[in-house]
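Dear colleague,

Please find below the structure that I am handing over to you. My findings follow it, and I would be grateful if you would read them with the structure open.

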Amino acid sequence: MKQFFSVLLVLCCILALSGCAHVESDYPAAIMVEGEIYLLSVTALPGEIDESAIIGYTTSYTDTFPKKDGQTNFNRELHLPYARVEGGIAILYDHEWHLCTPYVPKDAETVTFAGRTFEKSELSEETLEWLSWYQSLSEEEQRAVSSIPHELYELNGYPDAEDAEAYATE
């Protein structure tokens, strides 16, 4: 009987702990600044942001998508500073500055790459997936990307590569 209660107690503990498992949110980590939604990058920005560049502080938390300026859905801590930087907004989160890039809804008709805007209907599903991944990277990570989809290469007007004979140097 004692063994039965021990097994029952262990099972109850296992069930209780499994109920505490982390549940993914339906919303990506985001902040609203000046009426625009920005998505949080998991990669920290190198270096520091000058204090004079700070344009605001977080003011509230939501369990959904932010609807008010200064509102986040990834940290309940308030008064986190944020600043405008190249590529979006930087926020001091978990003792590091993180880039937040502008949110583009999936149902938007256009997408931007390398300063050019393209109709989504012109692009393949694979290219749209690649662009979504690329735009989630920090600016430094984007510069480290060594190739782009052939479709974007052509649409950006880059010249075709040609096979050429290699010359030996003496």
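Helices and strands, as named in this message, are DSSP runs numbered from the N terminus, a helix having at least four residues and a strand at least two. Please bear in mind throughout that this is a predicted model.

With that naming, α2 is the element that gives the most to the lining of the largest pocket, namely seven residues. The lining comprises 34 residues, and P102, L131, S132, Q135 and S136 lie nearest the centre of the pocket. Two or more lining residues come from each of β2 (36–44), β8 (96–102), β9 (110–113), α2 (125–135) and α3 (139–144). The space in this pocket amounts to about 1000 Å³.

Read from the N terminus, the order of the elements is α-β-β-β-β-β-β-β-β-β-β-α-α-α. The chain has 170 residues, of which 29% count as buried. Its accessible surface is about 12200 Å², and carbon and sulfur atoms hold 55% of that area. Among contacts with a separation of 6 or more, 51% are between residues 24 or more positions apart.

Two individual residues may also be of interest to you.

The first topic is S138, which sits in the loop between α2 and α3. Is S138 buried or exposed? Its relative accessible area is 4%, and S138 is therefore buried, since the cut-off for that class is under 20%. Apart from residues up to four places away in sequence, S138 touches S41 and L99.

The other topic is T62, located in the loop between β4 (60–61) and β5 (71–72). T62 counts as buried because its relative accessibility is 13%, which is again under 20%. The side chain of T62 is joined to that of T64 by a polar contact of 3.0 Å. Once neighbours within four places in sequence are set aside, the residues in contact with T62 are Q71, T72 and N73.

With kind regards

Key: Residues are numbered from 1 along each chain as its sequence is written. This is a predicted model: local features need pLDDT of at least 70, side-chain atom pairs count only at pLDDT 80 or more; totals for chains, interfaces and linings use all residues. Side-chain values use heavy atoms; hydrogens and water are left out. On a 1 Å grid over the protein atoms alone, a cavity is a set of points where a 1.4 Å probe fits but cannot get out, and a pocket is an open set with protein on both sides within 12 Å along at least five of seven lines; lining residues have an atom within 4 Å of a point. Grid points are joined across faces, edges and corners, and a volume is the space filled by probe spheres set on the points. Buried means under 20% relative accessible area, exposed over 50%, partly exposed in between (1.4 Å probe, protein chains only). A polar contact is a pair of N or O atoms within 3.5 Å; within protein, one must be able to donate a hydrogen and the other to accept it, and residues adjacent in sequence count only if both atoms are side-chain atoms. Contact means heavy atoms within 4.5 Å. Accessible areas come from the Shrake-Rupley method with a 1.4 Å probe; for residues, only the protein chains shown count as cover.
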